[in-house]
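Hi,

Here is the structure I said I would pass on. Have a look at it first, and then read my notes below.

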Amino acid sequence: MGQTISEKIISNHAGKKVYAGELVISDVDGCMASDTTGPLTIKAFREMGGKKVFNPKKCALIIDHAAPSPNERIANLHKMMRDFAKEQGMRLFEIGEGICHQVMVENQYVKPGDIFIGADSHTPTYGALNAFACGVGSTDLAATMMTGKIWLKVPQTIKINCSGKLQDGVTAKDLILFLVGKVTVSGATYQTIEFTGEAFEGMTLASRMTIANMSSEMGAKTGIVHPKGLKLDYDFEAITPDDDANYIKSFDFDVSGLEPQVSAPESPDNVHNISNYEGTKINYAFIGTCCNGRLEDLDIAAEILKGKKIHADVRMVIAPASQSVLLDAISNGTMKTLIEAGASLITSGCGPCVGTHQGVPADGEVVISAANRNFRGRMGNPNSNIYLGAPSTVAASALEGHIVNPKKYLL
Amino acid sequence: MSGIQTNIKAKAHVYGDHIDTDRIIPGKYTKTLDMSTLANHVLEDLDPNFNKIVKQGDILVAGINFGCGSSREQAPLALKQAGVSVVIAQDFARIFFRNAINIGLPVLELANHKIDKGAELDVDLKTGIVKDLTGGVTYTATKLPDIMINILNEGGLVNYLTKNGSYSL
């Protein structure tokens, strides 16, 4: 019987052919925790008798969710992480080095065909690399750090085939928002999503990460982009599904006519064509996060904002996904363009998206954000409303002071 | 079950579908190891009164996709610390489900329940049978995989691994 990508990757780790529904205890190729999940991971690791992590080169801690520390309580949690990393001889990515998922990919903690476990729900992002990557909580991660293993049920797979090429001015974010709207926030619970078809084949690694990232918003265990067209800086062996693989469900969409998409408050699957929301006044525009803080995202915003000023009633925050992204955006002039247009640059990290610090909206305010979640209270204030869109939509909306279709600035 | 009470008779607090982890415990309160901070803010953006009315042993009941969103284990920890003895939902988001079992908070999936706000429930965790004493209906929960039953029986993954050293299926 044929296998899906997930079934093949898990089989390679289990040492036998496995199929959806089977339970396995698998070796993992890497694991990480952030400063939201890391302190509880360390506590659980010690409580379960952990002395040494299974392999310090395959374990990492990242300070990104509240970086730099906004208060003494969090400063002490960061210190706990630094002390643990030093004791274990493992790498800790410091404040400003970047968002966990971005630095794991840039530093090759995860590669095609790997099983990676991260204590963060957007760990499926590495499905862009043709890896099987799952999010877990702190205690699961502590167990993986101690044993090098995870127990998991081989998931069923949903196939999403997108034919046609996206129009100019329509991006990977518009496509994944559209798909979240169709599949819904619980439509893929416990399952893998395989993204396949022409629409994905020409995508950069960065765009593929945007796609895989929001598998989480459909409840999926992970999301894997078919490796056809994937280009990396190193050689790799692509894992592709068999023709007779078994899928629980298949979707087919022709996306050649897709328009920019917006997710309205207060659920990521509340997705509509942008025309439904054009004219909605905004107070705050945000570009960053593990979903859309990469160089191509900042570049497209700069293309729209070059030589212009954002609207007088709008403030704009930019959080590059990593230090490496920031340096590239400085080198190519993008950062200068964005700052001259009126944007405020903050430390690489997750702060505004998780409502920790560095840009909490006021009561009654409206945010247009390039992030992946718009739950009530997500950005730190339950009395604000968050719309999600592509970085292009965020930039164009910042310019005009209301939600607007960015296509006219990009054609 | 050594770590947890297996027979629970208590009141149900009933909420709707897609209760996300930001509603269970907002991100701004998660960076702490102090469990009372978590309990003080549990569900505050959904029902600001919850932490005042919840009593030790009470049962939380919800619709579909309970616990969607973040991987924060602070969500089940906040509920447990606030006194919730078991969470019943039509179904759960997967990370929340694993996290709850891992910290020893029992979770039961009742696909088609019609439990009303304030109902008195009688829950037997060993059999998965839930009697709605107010509604007069008896439900049977979806069975957990054996490994999850074993983890829960020890009161969570820390105790399970302390005892066994590693996983076994």
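Is A:Arg315 buried, partly exposed or exposed? A:Arg315 counts as partly exposed, at 36% relative accessibility (buried means under 20% relative accessible area, exposed over 50% and partly exposed in between, with a 1.4 Å probe and protein chains only).

Some ground rules before the rest. This is a predicted model, where local features need pLDDT of at least 70 and side-chain atom pairs count only at pLDDT 80 or more, while totals for chains, interfaces and linings use all residues. Residues are numbered from 1 along each chain as its sequence is written, chains are lettered from A and ligands numbered from 1 in the order in which they are written, and side-chain values use heavy atoms, with hydrogens and water left out.

Back to that arginine. A:Arg315 makes a salt bridge with A:Glu365, at 2.5 Å from N to O (a salt bridge being a side-chain nitrogen of Lys or Arg within 4 Å of a carboxyl oxygen of Asp or Glu). A:Arg315 sits in strand S15 (residues 315-318) of chain A and A:Glu365 in the loop between helix H13 (351-354) and strand S17 (366-369) of chain A, so the pair ties together parts that are 50 residues apart in sequence. Helices (H or I, at least four residues) and strands (E, at least two) are DSSP runs, numbered from the N terminus. A:Glu365 counts as buried, at 14% relative accessibility. Over all chains, the whole structure has 21 salt bridges.

Now the interface. Chain A puts 53 residues into the contact and chain B 44 residues (contact means heavy atoms within 4.5 Å). About 3900 Å² is buried between the two chains, and carbon and sulfur atoms give 60% of that; buried area is the accessible area (1.4 Å probe) that two parts lose on being put together, summed over both. On the chain A side, A:Leu40, A:Trp151 and A:Tyr190 lose the most area to chain B, together 18% of what that side buries.

Three salt bridges run between chain A and chain B. One pairs B:Arg23 with A:Glu266, their closest N and O atoms being 2.5 Å apart. That pair goes from helix H1 (residues 21-24) of chain B to the loop between strand S12 (261-263) and strand S13 (271-273) of chain A. B:Arg23 is buried at 10% relative accessible area, whereas A:Glu266 is partly exposed at 27%.

B:Asp22 meets A:Arg378 in a salt bridge at 3.1 Å, N to O, and B:Arg72 in another at 3.2 Å. B:Asp22 is in helix H1 of chain B and B:Arg72 in the loop between strand S2 (59-62) and helix H4 (74-82) of chain B, so this pair also ties together parts that are 50 residues apart in sequence. Both B:Asp22 and B:Arg72 are buried. Salt bridges that share partners also join A:Glu266, A:Arg376, B:Asp20 and B:Arg23 into one network.

Finally, helix H5 (138-147) of chain A is among the elements on the side that touches chain B, and H5(A) gives the largest share of that side, six residues. Ten of the ten residues of H5(A) are buried, so the helix is largely enclosed by the rest of the structure. Just after H5(A), A:Gly148 takes a positive phi of about 75°.

Cheers
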